[in-house]
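Look at the sequence and the structure together, and begin with the ligand and the residues that surround it. After that, we turn to a pair of aromatic rings.

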Amino acid sequence: MTIDVFNPANNEKIGEVKEFTEDEVGSTIERLQNGFSEWSKRKPSSRGMVLYKAAEIIRADQDRLAMILTSEQGKPYFEARNEIQGVAAVFEFYASIAGTICGHTTPKSDYGYAFTSKFPIGVCGAIIPWNVPALIMAWKVGPAIASGNTIIVKPAETTPFTNMGIAEALYSAGLPEDVLALVTGSGSITGAAIAKNRNIRHLSFTGSVDTGERISKMIDPGKVRLTLELGGSDPMIVCKDADIDKAVAGAVTGRFYNCGQICTAVKRLYVADEVADRFIDKLKTATEQLRIGDGAIEGTNLGPLNNIKGLNSIKKIVEDSSSSAKVITGAKKLDGPGNFYAPTLITDLESDSRLLTEEVFGPVLPIVRFEKLEEAIEMANSTRFGLGASIWTNDMRNASKAIDKIRSGILWVNRHSRIPPEVPFGGDKNSGIGRENGLNALEQYLVEKTVIISP
Ligand code: NDP
């Protein structure tokens, strides 16, 4: 069976991929088990060299890879290039630390000496979403192979070709084909076959809370380490003392980058009453200046939604919320064949509006005014999500209150949504388990053995 892949800017078919069956996933994982015995013994520095080389190949090929990403995902070409460069940066980061994996020693005692040594765990699994498919693949593959594991990767149905391009770069860099295997197909068949397979030792999933919960019930919890990144409903708090122009620019990028389809996008905006009118006026102007269109056309800064399911869900959620609310701009599907939705600002929502309680994965920003910072922080904490959050202020006392009181895995002060490779990334509350990126991610792919030597 095959799965068709479409360009979301015009919904024309751009290709098709094979759907891997459960049996084929099983035999691929057996092949990766064989690959593990050789790869896990390679010198860490030699594993790092493969990642360095792959990064070099990806940088040299970034224009082509970015165009593939734009054509299947929809994001503007400049964003796609940023993402591909991000993949190279992640590979370089894990290449640079591959040789630093080490345990620790304890002082000599009456039992003798003790030290720990870290070993790769085996075959890992990665289930990738369609919103940032290249970078999220790198976040999983980079630490897994740097630390000596092998990995099976399932791209999302709508964005397989960018992931294939990255896999090809790794093979060209010298990565053996039985260290990384890419299996295309649907979540319900191919993805579930990975989650259910009993030879997987670590599974990393990024996507919706519902699918994450389903996956956590499929794995063998006694054997599989699970990393889940399950999205967010990030609040952005703008205090009265904030640099308003900087905060407006941050809100536009934070909400509309990648057409709002980012786990750490700004999904709720809380603005201090004293500056709200001025802020909203400026935000409306900046939002209406966004150039919407096919991401492959130069000058586009807002592409289509990736898929029709996402477009319909945005339409519905806005329709459900807008009867009592005030639409400042947008709130409509745009004419034409692609999945385009106008960038939207909405105020005067009920506190239980779905726009304020769910993860809204599209270009719609609800705005809420507040009088006291404590009240804004309480509203910021009012959802089940806890991925990212930001506060915009020039007063350290405000920033410090947010750092202390907001429940989130990441908190930005005077910015939102940039995650460099060395920074740990993950959620609090229902937004996930474990961390990706940074040094921490390596630990998730290693098992520590304690050795005690008696004289
Ligand atoms: P999913 O969580 O369903 O998809 C993410 C990945 O999981 C895809 O590769 C998908 O495969 C796979 N998958 C789906 N079902 C299973 C399963 N039973 N077993 C194993 N793997 C599975 O997200 P959707 O694409 O349906 O998007 C729905 C919503 O999820 C979005 O609107 C957004 O709110 C949220 N989301 C959040 C993301 C984030 O980064 N926070 C990323 C993506 C979605 P396939 O696509 O091939 O079917």
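A polar contact is a pair of N or O atoms within 3.5 Å; within protein, one must be able to donate a hydrogen and the other to accept it, and residues adjacent in sequence count only if both atoms are side-chain atoms. A backbone N or O atom of G185 lies 3.4 Å from an oxygen atom of the ligand, while polar side-chain atoms reach ligand oxygen atoms from W130, at 2.6 Å, and from E359, at 3.1 Å. The protein buries 86% of the 850 Å² that the ligand exposes when taken alone, with accessible areas from the Shrake-Rupley method and a 1.4 Å probe, where for residues only the protein chains shown count as cover.

This is a predicted model, in which local features need pLDDT of at least 70 and side-chain atom pairs count only at pLDDT 80 or more, whereas totals for chains, interfaces and linings use all residues. Residues are numbered from 1 along each chain as its sequence is written, and side-chain values use heavy atoms, with hydrogens and water left out.

A search of the whole structure finds four aromatic pairs, where rings of Phe, Tyr and Trp (its six-membered ring) pair if their centres lie within 6.5 Å, and planes under 30 degrees apart count as stacked, over 60 as edge-to-face and the rest as tilted. The rings of F78 and Y257 have centres 6.4 Å apart and planes at 80 degrees, so this pair is edge-to-face.
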